[in-house]
Structure formats: C-alpha cells, structure tokens
Amino acid sequence: MHDAAPRRPPAAPVEPPRRPAGALEAEVMAVLRAADTPLNPGQVRERLAVRPSGELSYSTVVTIVSRLHAKGLLARERAGRGFAYTPVDPASLAAGQMSRALDAGVDHGAVLTRFVSGLSGRDARLLRRLLAGGDGAGQDRG
C-alpha cells in the first residue's frame with residue numbers, strides 16, 4: 001500500500017517562551033519589595049511559583065538573588081546556613097552609586113566639584129545644612 005499523504009517529522013517539544021532580559025530579576029525584586037520581612041531563596045521561589053511565569057529551580061533563584069546582591073540592589077543577612085534578602089532602600093542605593101562613582105574617580109576634588117556644581121539651589125542648601133551638622137532627612141528635591 002502506498003500512503004498518499006506526505007510524512008511529517010515528529011513535532012519538536014514546545015518550550016515555554018523565554019523571559020525578556022532582566023524580567024526574572026524584576027520579578028524577584030517585586031516579590032522582595034512586597035514582603036514585609038527578609039526572604040531566603042526558597043521563600044522567594046515559593047512566591048514566584050504562584051505567578052504565571054512558571055516553576056524555577058532553587059539554584060536559579062539563588063543565582064538571581066546573588067547577582068542582585070552583587071549589584072548592590074539587595075541587602076542580605078545570615079539566616080541559618082544561608083541568607084535572607086531585602087531590597088536596598090532608594091536613598092541607600094543612590095548613596096552607594098555615588099560612593100562607587102567617587103571611588104572610581106582619580107581626582108576626588110574634580111569629581112566632587114562637578115557634582116556640587118550640578119546641584120539645584122535647594123539641593124545645594126540641603127547639602128550645606130548636612131555638612132554643617134543639620135538634619136536634612138526627608139527634604140524634597142527641587
């Protein structure tokens with residue numbers, strides 16, 4: 001007997017669509033921001049598993065939180081044999097970025113001069129108060 005229909009190759013397994021670059025880090029950050037307490041990688045994984053993006057391995061979550069910590073976006077504290085993570089607050093994040101930029105500069109005076117010369121009048125006044133020992137916490141930027 002002769003088959004009239006052409007034979008088709010077996011269908012390739014369908015893989016779930018890949019996340020865009022940075023999407024998994026953003027999902028992990030969202031989980032940690034929504035938590036009211038530091039989370040270990042297993043807890044982050046559990047909270048990610050209820051999302052439509054699907055199941056992740058524990059080692060993948062450990063890699064992501066480790067990378068976010070190395071970037072300065074997460075703080076970590078010892079929790080048993082591992083770590084629990086919390087997002088770094090925006091003020092600390094900005095201060096860390098400024099410190100790294102200053103540390104990368106060869107001429108600290110030039111770096112600070114350029115930074116200060118770019119400040120708004122309100123920020124310059126706030127900086128003067130802070131340098132004089134005043135409390136500038138909670139001041140608005142302008």
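Modeller: A note on terms before we start: two residues are in contact when they have heavy atoms within 4.5 Å of each other. The model discussed here is a predicted one.

Colleague: With that in mind, which residues is Leu 74 in contact with, leaving aside its neighbours within four places in sequence?

Modeller: Leu 74 touches Met 29, Leu 32, Val 65, Leu 68 and His 69, and also Tyr 85, Thr 86, Pro 87 and Val 88.

Colleague: How many residues does the largest nonpolar core have?

Modeller: The largest nonpolar core has 16 residues. Leu 74 is among those with the most contacts inside it, together with Val 28, Leu 32, Leu 39, Val 44, Leu 48 and Leu 68.

Colleague: At what angle do α1 and α3 pack?

Modeller: The angle between α1 and α3 is about 85 degrees, and their axes lie 10 Å apart. Helix α1 is therefore roughly perpendicular to α3, since angles of 65 to 115 degrees are classed that way.

Colleague: Which residues make the contact?

Modeller: From α1 the contact draws on Leu 24, Glu 25, Val 28 and Met 29, and from α3 on Thr 60, Ile 64, Val 65, Arg 67 and Leu 68.

Colleague: How many of the residues in the contact of α1 with α3 are nonpolar, polar and charged?

Modeller: That contact comprises 6 nonpolar residues, 1 polar residue and 2 charged residues.

Colleague: Changing topic to Glu 46: where is its place?

Modeller: Glu 46 belongs to helix α2.

Colleague: Does Glu 46 count as buried or exposed, and why?

Modeller: Glu 46 counts as exposed because its relative accessibility is 56%, and the class begins over 50%. The C-alpha atom of Glu 46 is separated by 9.1 Å from that of Leu 56, which is 10 residues apart from Glu 46 along the chain.

Colleague: Now the whole chain. How many helices and strands are there in it?

Modeller: The protein chain has 6 helices and 2 strands. Read from the N terminus, the elements follow the order α-α-α-β-β-α-α-α.

Colleague: What share of the 142 residues is buried?

Modeller: Buried residues account for 20% of the 142. The protein chain exposes about 10700 Å², of which carbon and sulfur atoms supply 56%.

Colleague: Among contacts between residues at least 6 apart in sequence, what percentage join residues at least 24 apart?

Modeller: In the protein chain, 33% of those contacts do.

Notes
Residues are numbered from 1 along each chain as its sequence is written. This is a predicted model: local features need pLDDT of at least 70, side-chain atom pairs count only at pLDDT 80 or more; totals for chains, interfaces and linings use all residues. Side-chain values use heavy atoms; hydrogens and water are left out. A nonpolar core is a set of buried Ala, Val, Leu, Ile, Met, Phe, Trp, Tyr and Cys residues joined through side-chain atoms within 4.5 Å. Buried means under 20% relative accessible area, exposed over 50%, partly exposed in between (1.4 Å probe, protein chains only). Helices (H or I, at least four residues) and strands (E, at least two) are DSSP runs, numbered from the N terminus. Axes are lines fitted to C-alpha atoms, for helices over the stretch in contact, and angles run from 0 to 180 degrees between N-to-C directions. Angles under 35 degrees count as roughly parallel, over 145 as roughly antiparallel, 65 to 115 as roughly perpendicular and the rest as oblique. Ala, Val, Leu, Ile, Met, Phe, Trp, Tyr, Cys and Pro count as nonpolar, Asp, Glu, Lys and Arg as charged, and the others, Gly among them, as polar. Accessible areas come from the Shrake-Rupley method with a 1.4 Å probe; for residues, only the protein chains shown count as cover.
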